[in-house]
Amino acid sequence: MSSESDVAVAVDALRAGELVAFPTETVYGLGADAANPEAVQRLFAVKGRPADHPVIVHVARPRQLDELGRDVPDAAHRLADAFWPGALTIVVERNPGRVVARVTGGRATVGLRVPDHPLARALLEAFGGGVAAPSANRFGRVSPTTAQHVRADLGDDVRVVLDGGPCRVGVESTIVDVTGAEPAILRLGGVGRAEVERVVGRPIRLRTRGEVAAPGARQSHYAPRVAVEVVDASDVDARARALTAAGRRGGLLALADVVPEYPDGLVVLDAPRDVEEFAHVLYDRFRAADACGLDVLLVVNPSDADALGAAVSDRVWRASH
Ligand code: TXA
Ligand code: MG
């Protein structure tokens, strides 16, 4: 685990225009000074990210919403009050003086978030400004939820990696865009649609599939190499037999109480006890499925009745396409 002195090193690196990987409660981020165009260019190069894909800017304090954003509507303030620090990204108009255009792929808007992790908060507090940070994986790969995942993906391309242990939530933040006439959810994540609607005081549209609402949120992202297949609990046995008969190695990821007996021949990647644990282990088990060379990973999705269940099902759906 990283200490206070590691945070000081990380702050110096950010000030020098270098990249710093850091833990948040959702996933690890790869950070650069959001006001430094060269640093942001380096960030896109290391990440391998197309220049038109906007990056979320992380800040220490909710009031920075009005400093890095402008013409911030009341709904955004209410969302920030309710969920920050936390797993919610709010898209508002960008203040060009504080967030360089390159961060948002030239867009006039910016996604802002106050993460809830002691190391992230210490880093952002000491740095003071906005830190542009996509998930700390190479473009198109599974988001990292441990410092080891970051190292495995980025190697020596990032000099400073703050280690805050495994991320508590395990899937990315929910993104709400409040710049249009109607607020919309661009990505499901740690905060649920119903919670967002309660705070905003009206129904919110989901724009998470189809049109490129949040560029980069395409299916192929969030995907391991293994073929992911969504199955009903009642079909697991039959699929296991078919895979075995075909000489293919299958794995299973399902809630323990949904598939209490593991069929022969399946590698049990995990049997989380609840949806929190499911989200927490999801990306690590995607990586494990690749590492153990599975041909197919069967996933029984949790119910999407609550926030994390919907976010897990969304990521599994993307991984399966
Ligand atoms: O939990 C998270 O959000 C993590 C941690 C590190 O904060 N970050 C993360 O960043 O997942 P990234 O870059 O992997 O995904 C950000 C998503 C992308 O799909 C991007 O298109 C969308 O947010 N996004 C960012 N700024 C946007 C904007 N101004 N308008 C629309 N979509 C935006
Ligand atoms: Mg990402």
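Modeller: Begin with accessibility: buried means under 20% relative accessible area, exposed means over 50%, and partly exposed lies in between, with a 1.4 Å probe and protein chains only. Cys 292 has 31% relative accessibility, so Cys 292 counts as partly exposed. As for the source, this is a predicted model, in which local features need pLDDT of at least 70, side-chain atom pairs count only at pLDDT 80 or more, and totals for chains, interfaces and linings use all residues. Residues are numbered from 1 along each chain as its sequence is written, chains are lettered from A and ligands numbered from 1 in the order in which they are written, and side-chain values use heavy atoms, with hydrogens and water left out.

Biologist: Is Cys 167 buried or exposed?

Modeller: Cys 167 counts as buried because its relative accessibility is 1%.

Biologist: How many disulfides are there in the whole structure?

Modeller: A disulfide is a pair of cysteine sulfur atoms within 2.5 Å. The search of the whole structure finds 0 disulfides.

Biologist: How do I read the packing of two helices?

Modeller: Two packed helices are described by the angle between their axes and by the distance between those axes. Helices (H or I, at least four residues) and strands (E, at least two) are DSSP runs, numbered from the N terminus. Axes are lines fitted to C-alpha atoms, for helices over the stretch in contact, and angles run from 0 to 180 degrees between N-to-C directions. Angles under 35 degrees count as roughly parallel, over 145 as roughly antiparallel, 65 to 115 as roughly perpendicular, and the rest as oblique. Take helix H1 (residues 4-15) and helix H5 (residues 118-127): their axes are 9 Å apart and the packing angle is about 50°. H1 and H5 are therefore oblique to each other.

Biologist: What is the handedness of the crossing of H1 and H5?

Modeller: A crossing is left-handed if the near helix is turned anticlockwise from the far one by less than a right angle, and right-handed if clockwise. H1 passes H5 in a right-handed crossing.

Biologist: Which residues make that contact?

Modeller: Contact means heavy atoms within 4.5 Å. H1 contributes Val 7, Ala 10, Val 11, Leu 14 and Arg 15, and H5 contributes Leu 119, Ala 122, Leu 123, Ala 126 and Phe 127. For classes, Ala, Val, Leu, Ile, Met, Phe, Trp, Tyr, Cys and Pro count as nonpolar, Asp, Glu, Lys and Arg as charged, and the others, Gly among them, as polar. The contact of H1 with H5 has 9 nonpolar, no polar and 1 charged residues.

Biologist: At what angle do helix H9 and H10 pack?

Modeller: Helix H9 (residues 275-291) and H10 pack at about 25°, with axes 9 Å apart. H9 and H10 are therefore roughly parallel to each other. Their crossing is left-handed. Residues in this contact include Phe 278, Leu 282 and Phe 286 of H9 and Leu 308, Val 312 and Val 316 of H10. By class the contact of H9 with H10 has 10 nonpolar, 1 polar and 2 charged residues.

Biologist: Where is Ser 313, and which residues does Ser 313 contact?

Modeller: Ser 313 lies in helix H10 (residues 307-319). At 11% relative accessibility, Ser 313 counts as buried. Leaving aside neighbours within four places in sequence, Ser 313 is in contact with Asn 301, Pro 302 and Asp 304.

Biologist: What about the axes of H4 and H7?

Modeller: The axes of helix H4 (residues 74-83) and helix H7 (residues 193-200) come within 9 Å and cross at roughly 125°. That makes H4 oblique to H7. H4 passes H7 in a right-handed crossing. Arg 78, Leu 79, Ala 82 and Phe 83 in H4 meet Glu 195, Val 196, Val 199 and Val 200 in H7. These residues divide into 6 nonpolar, no polar and 2 charged.

Biologist: How should I read the backbone?

Modeller: Most residues other than glycine have a negative phi, and most peptide bonds are trans. Asp 71, in the loop between strand E4 (69-70) and H4, has a positive phi, near 50°. Asp 71 counts as exposed because its relative accessibility is 68%. A cis peptide bond joins Trp 84 and Pro 85, with omega about -5°. Pro 85 is in the loop between H4 and strand E5 (88-94).
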